[in-house]
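Subject: Structure for you to look at

Hello,

Here is the structure I said I would pass on. Please open it first and keep it beside you while you read the notes below.

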Amino acid sequence: MVIIPALNEGRKIGEVVREVAALGYDAAVIDDGSKDDTAAVAKEAGALVLSHVINRGQGAALRTGIGYARRHNYEFAVFFDADGQMSAAEIEKLIDVLKSGAQVALGSRFLGTTEGMPRIKWLTLKLGLIFTRLTTGLKLTDVHNGFQAWRLSALKATNLVQDRQAYASELLQEISRCRLVFQEVPVTIKYTRYSKSKGQSVFNAFNILWDLIIKR
Amino acid sequence: MPIQFILILAAAVMIIRSFFKLKNREIRIGEFITWLGIWLAVIVVVIYPDIASFLAIKLGVTRGADLVIYVALVLIFYLFFRFLVRLEKIEKDITKIVSHVTLNDETKKK
């Protein structure tokens with residue numbers, strides 16, 4: 001199952017869902033309290049749509065998707081962004097890594113390719129790598145990359161509580177805490193004008209740090 | 001002095017408000033007793049400021065007023081911490097409910 005959290009992505013979600021569905025995957029769009037027609041567009045494109053009545057955050061939306069995948073006995077869950085930054089054709093690479101024995105496949109834009117990445121984003125991610133190394137001990141080449149694939153059995157072992165953007169750091173902390181077998185996979189992340197306008201501000205890093213300190 | 005009268009009146013108003021909140025079951029007996037204790041301590045220190053000076057000297061603080069501020073700051077930070085913890089619990093519970101409703105709505109559709 002490909003889990004796609006979405007907030008006000010009416011413009012892009014149809015295209016993203018069609019791209020995923022065309023490759024034969026089950027696409028589940030978690031509409032996190034959108035004010036536009038995200039849910040309707042996603043449904044028309046062929047996705048299963050689960051709608052939060054109010055906005056709770058990307059982490060919360062992902063957990064709803066994971067809950068659905070567990071209830072319906074899916075073996076793998078792929079996390080995929082709704083803004084068109086990722087390429088559905090690369091989902092297969094992540095799943096192949098899980099099939100070869102890993103419990104988690106982490107997409108890495110620095111092992112793969114980036115198109116149009118802002119410099120400040122590059123710097124923030126590199127600082128994030130240092131933070132992740134210090135807090136988890138994991139030697140990674142990318143952090144806060146939403147393109148991931150997990151075995152549902154591995155997700156079952158985790159304790160995820162972060163509702164907002166801190167969930168991305170939390171996933172890595174859980175990999176470390178649960179000693180999950182992971183492998184990084186080169187992926188392509190395309191930064192378009194649209195995706196940059198939807199992306200989080202670099203100052204959100206301070207909010208993420210606050211959430212990680214307070215909520216643990 | 002006028003400031004003593006104002007502070008005693010304010011403390012008395014807070015005690016009465018706390019009592020009515022207890023009566024309406026908006027707060028529990030433990031919370032009422034805690035606030036009663038705090039406001040009674042305020043009244044005692046306002047009427048007998050020498051008590052604060054006495055305690056300040058014993059604790060190595062120069063002035064009674066400084067001791068009152070230090071204690072008040074510690075109390076405020078403690079209460080703020082407890083407030084944050086409770087707020088986070090509420091946020092988690094809201095997300096649990098939203099997720100539960102979302103998944104159950106989907107189950108019902110089938």
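Chain B has 4 helices and 0 strands, where helices (H or I, at least four residues) and strands (E, at least two) are DSSP runs, numbered from the N terminus. Read from the N terminus, the order of elements in chain B is α-α-α-α. The model is a predicted one, in which local features need pLDDT of at least 70 and side-chain atom pairs count only at pLDDT 80 or more, while totals for chains, interfaces and linings use all residues. Residues are numbered from 1 along each chain as its sequence is written, chains are lettered from A and ligands numbered from 1 in the order in which they are written, and side-chain values use heavy atoms, with hydrogens and water left out.

**Chain B**

The C-alpha trace of chain B spans about 75 × 35 × 20 Å along its principal axes. Its radius of gyration is 22 Å, whereas a compact globule of 110 residues would have one near 13 Å. That radius is taken over C-alpha atoms, and the globule rule is 2.2 Å times the number of residues to the power 0.38. Of the 110 residues in chain B, 19% are buried. Buried means under 20% relative accessible area, exposed means over 50%, and partly exposed is in between (1.4 Å probe, protein chains only). Contact means heavy atoms within 4.5 Å. Among contacts in chain B between residues at least 6 apart in sequence, 38% join residues at least 24 apart.

**Where the chains meet**

The size of an interface is often given as the accessible area lost when the parts come together. Between chain A and chain B the buried area is about 1,500 Å², and carbon and sulfur atoms give 59% of that. Buried area here is the accessible area (1.4 Å probe) that two parts lose on being put together, summed over both.

There are 6 residue pairs in polar contact between chain A and chain B, both residues being at pLDDT 80 or more. A polar contact is a pair of N or O atoms within 3.5 Å; within protein, one must be able to donate a hydrogen and the other to accept it, and residues adjacent in sequence count only if both atoms are side-chain atoms.

**Salt bridges**

A salt bridge is a side-chain nitrogen of Lys or Arg within 4 Å of a carboxyl oxygen of Asp or Glu. The count by this rule is 12 salt bridges over all chains, and the count between chain A and chain B is 1. In that one, A:Arg56 pairs with B:Glu91, and the closest N and O atoms are 2.7 Å apart.

Within chain B, B:Lys89 and B:Asp93 form a salt bridge at 2.8 Å, N to O. Both lie in helix H4 (residues 64-109) of chain B, 4 residues apart, about one turn of the helix. B:Asp93 is partly exposed, at 28% relative accessibility. Salt bridges that share partners also join A:Arg56, A:Arg63, A:Asp163 and B:Glu91 into one network.

**Some residues of chain A**

Is A:Lys12 buried or exposed? A:Lys12 counts as buried because its relative accessible area is 19%. A:Lys12 sits in the loop between strand S1 (2-6) and helix H1 (13-22) of chain A. Leaving out residues up to four places away in sequence, A:Lys12 touches A:Ala82, A:Asp83 and A:Tyr194.

A:Asn8 lies in the loop between S1 and H1 of chain A. A:Asn8 is not a glycine, yet has a positive phi of about 50°.

A:Ile4 lies in strand S1 of chain A and is buried, at 0% relative accessibility.

Regards
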